[in-house]
Structure formats: C-alpha cells, structure tokens
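Please find my notes on this model below, as numbered points.

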Amino acid sequence: MISRQLVLTYLYLLIYICLSSGVILFNKWVLSPKYFKFPFPITLTMIHMAFSGIVTFFLVRVFKVVAPVKMTFHIYATCVIPISAFFASSLWFGNTAYLYISVAFIQMLKALMPVATFIMAVLCGTDKLRWDLFLNMVLVSVGVVVSSYGEIHFNVIGTLYQVTGIFAEALRLVLTQVLLQKKGLTLNPITSLYYIAPCSFIFLFIPWYLLEKPEMDVSQIQFNYSIFFLNALSAFALNISIFLVIGRTGAVTIRVAGVLKDWILIALSTIIFPESVITSLNIIGYAVALSGVVLYNYLKMKDVKANQLPADNNSDRATKDKKSLSIFRPDNSMDNNDVTVVGGLASEAAAVDEEAPLIPSARLSYVTRTQTGSFINR
C-alpha cells in the first residue's frame with residue numbers, strides 16, 4: 001500500500017506545478033493586449049503586493065497564526081528595504097517582459113538564473129570563482145544564446161526586460177544570504193511577506209505613478225475585481241505551496257519539479273497562446289542550457305555534502321569526548337560556510353518562480369536543520 005505521507009508529498013508537488021504554471025499563464029493572459037488587454041505590469045505587481053500584505057497582516061496580527069520576529073529599525077533599514085527594492089525590480093521587469101515575448105521564450109531565458117546568481121555571488125564575495133562552475137555557466141549561456149537565435153518572434157526590448165529582472169532577482173537572493181542570514185534572522189513565508197510586501201509596494205508606487213498612471217487615466221481601464229482577486233490569490237497560494245513542498249521534500253526535489261514544470265509550461269503556452277511558435281533551435285538550445293542547470297545543481301549538492309562531512313565528524317568527536325570526559329560540549333558544527341552553501345541552494349530553488357519571492361529564508365531553516373542535524377541561532 002502507498003503510504004499517506006507519500007500521497008501527500010506527490011499531491012503537494014502536483015499543486016506546486018499547477019500553481020506555478022497557472023500563475024505564469026494567468027499573468028501572461030491578463031497583461032497581453034490580445035486577450036484580457038491590461039498592459040500594466042507594475043499595477044498588476046502592486047495588486048499582488050497589496051493583497052499579500054493585507055492577508056499576512058491578518059494572519060500575523062489578528063489571527064496570530066504565526067508570531068512576528070524581533071524586527072528592529074536597523075535590521076529593517078539595512079536588510080528589508082534593499083531586499084524589497086530588488087525584489088520589486090525583479091517583479092516589475094519580469095512581468096513587463098510578458099508584453100513583448102512569449103511565455104515559452106521567457107522560460108528558456110530563465111535558465112540564465114544560475115549564471116546570474118553565480119556572477120552576483122562572486123561579485124559580492126559570497127562565492128569563489130571556480131573553473132568547474134564557470135565552464136558550467138558558459139554551457140548554460142551558450143544554450144540560451146542558441147535558443148534565442150532560434151526564436152522567431154525575437155524582441156530585444158522584451159529580452160532585455162527579462163534578463164534585467166533575472167539579474168535583479170539574483171542580486172536579491174545574494175543580498176538575502178548576506179544580510180538576513182548573517183544577522184540570524186529566519187523568516188517563514190508569512191512573516192516574509194508581512195515585512196517585505198508593503199515595502200515592495202511603496203517602491204513600485206513611484207514608477208507606477210510616473211509610467212502607468214497617466215496612461216491609465218487616458219485609457220480609462222475598467223477593473224474586473226474578480227479576475228484580479230483570483231490572480232493575486234493564486235500568486236499568494238504559490239508561496240504557500242512551495243513552502244509545503246520544501247517542508248516535505250527539500251530544495252533538490254523542488255528543483256527537479258521546476259524542470260518538469262518548465263517543459264509542461266512551454267508545451268501549454270503554445271496551446272493556450274497559439275501565436276507562440278517553438279522552433280527546433282529553441283528546443284536544442286534550451287536542452288543544452290537545461291543540461292548545464294542540472295550539472296550546476298549536481299555541483300552545488302556536492303558542495304553541500306562536502307560541508308556536511310566536517311559537521312558529522314565534529315559531532316561524532318564531541319560525542320566521544322562527552323563519553324570519555326563526562327563533560328557536555330555544545331555542538332557548534334555548523335559554521336557560516338554551512339549556512340552559506342545550504343542557504344544558497346535553497347534560495348536558488350525559489351528563483352524559478354518570480355511570484356514566489358520570499359521562501360528562501362524559510363527554506364534555509366528547514367534545509368539546514370534536516371541536512372546538518374543542528375541549527376544555531378545567531
């Protein structure tokens with residue numbers, strides 16, 4: 001008999017794949033001037049942030065589902081605000097790309113995420129320049145270039161928007177690792193949105209007021225509140241689904257599920273949006289890039305396992321010392337390097353979904369506890 005836990009795990013994975021694909025297709029449909037005809041990506045992103053901020057406020061302050069963390073003004077000013085700025089930028093640019101290029105091509109460009117994250121991590125000093133990872137990044141880049149060359153409806157503006165959004169998201173991931181994790185601040189999905197969504201809304205208000213509000217006043221757009229409510233609800237539900245999947249499986253499983261989701265999404269997009277045409281060069285280039293992404297995941301997992309060995313040895317040695325000397329010694333086996341590697345692995349797993357921005361720090365807590373067996377609050 002199949003165990004109930006296994007059934008729940010596969011159910012959560014199915015829900016994640018459906019929600020992740022659904023949110024992306026939903027956003028494309030809403031923003032497309034050919035379908036729902038609402039070409040205002042900043043406005044749509046602000047609706048998502050406002051909805052998430054309101055819902056999490058009730059969950060934290062009214063219903064007290066989760067307790068707020070100890071957030072000082074210094075941490076908010078030096079950590080939350082810069083992370084919110086880059087998060088808002090990544091959503092802004094990523095959603096704007098839907099106006100110019102197809103969903104299928106956007107998914108192919110997202111294969112550049114490990115490249116962008118690696119570059120930003122090296123520049124910020126959280127990772128070292130290694131030849132194995134560098135050559136792997138070259139492979140991914142070549143695959144994306146081939147896929148772009150095979151794109152029939154290639155659009156420079158849309159491609160630049162998407163690539164800019166990818167690098168903004170990569171910098172946001174690195175900043176999360178550098179700023180929040182070093183301060184020992186661990187946020188679950190609800191508290192993450194509680195603190196960051198309102199700040200992101202404020203950052204988006206300035207470009208919205210300058211770029212989209214004048215055009216909305218002229219065009220006199222009629223709001224369909226039910227459509228926008230369902231769109232924002234699905235984006236919020238995606239955050240929760242990723243947290244559930246990570247809680248039951250881990251960052252590696254959601255990466256594999258993300259790869260499966262990308263292929264499903266590319267196929268579905270060509271059916272739902274017939275104007276999207278996939279060429280053989282698209283498929284070949286994306287397959288090459290995806291092989292680089294899989295190899296990158298393998299190399300990062302090797303790093304995680306390599307960092308676990310000293311931790312296990314230290315734990316065993318502490319146990320032996322305790323038995324021989326009858327002296328208790330706390331297990332300090334997980335140092336900053338362990339947090340960096342594991343946190344980076346979990347963070348990059350979230351990067352495949354631009355509407356699932358704030359799960360990494362929550363994943364850090366879970367993955368670190370399960371993979372190293374100890375968690376030190378700093």
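1. Glu169 and Arg172 are both buried (under 20% relative accessible area; over 50% is exposed and in between is partly exposed, with a 1.4 Å probe and protein chains only). Their side chains form a salt bridge at 2.5 Å, N to O (a side-chain nitrogen of Lys or Arg within 4 Å of a carboxyl oxygen of Asp or Glu). The two residues sit three residues apart in helix α7 (residues 156–180), about one turn of the helix. Helices are DSSP runs (H or I, at least four residues), numbered from the N terminus.

2. This is a predicted model, in which local features need pLDDT of at least 70 and side-chain atom pairs pLDDT 80 or more, while totals for chains, interfaces and linings use all residues. Residues are numbered from 1 along each chain as its sequence is written, and side-chain values use heavy atoms, without hydrogens and water.

3. There are four salt bridges in the structure. Among them, Asp262 pairs with Lys261 at 3.1 Å, N to O, and both of these residues are buried. Another joins Asp132 to Arg130, with the closest N and O atoms 2.8 Å apart. Asp132 counts as partly exposed because its relative accessible area is 34%; Arg130, at 23%, is partly exposed too.

4. Helix α2 (residues 41–62) packs against helix α9 (residues 225–248) at about 65°, the axes being 9 Å apart (lines fitted to C-alpha atoms over the stretch in contact, with angles from 0 to 180 degrees between N-to-C directions).

5. The disulfide count is zero (a disulfide being a pair of cysteine sulfur atoms within 2.5 Å). Cys79 is buried, at 0% relative accessibility, whereas Cys18 is partly exposed at 49%.
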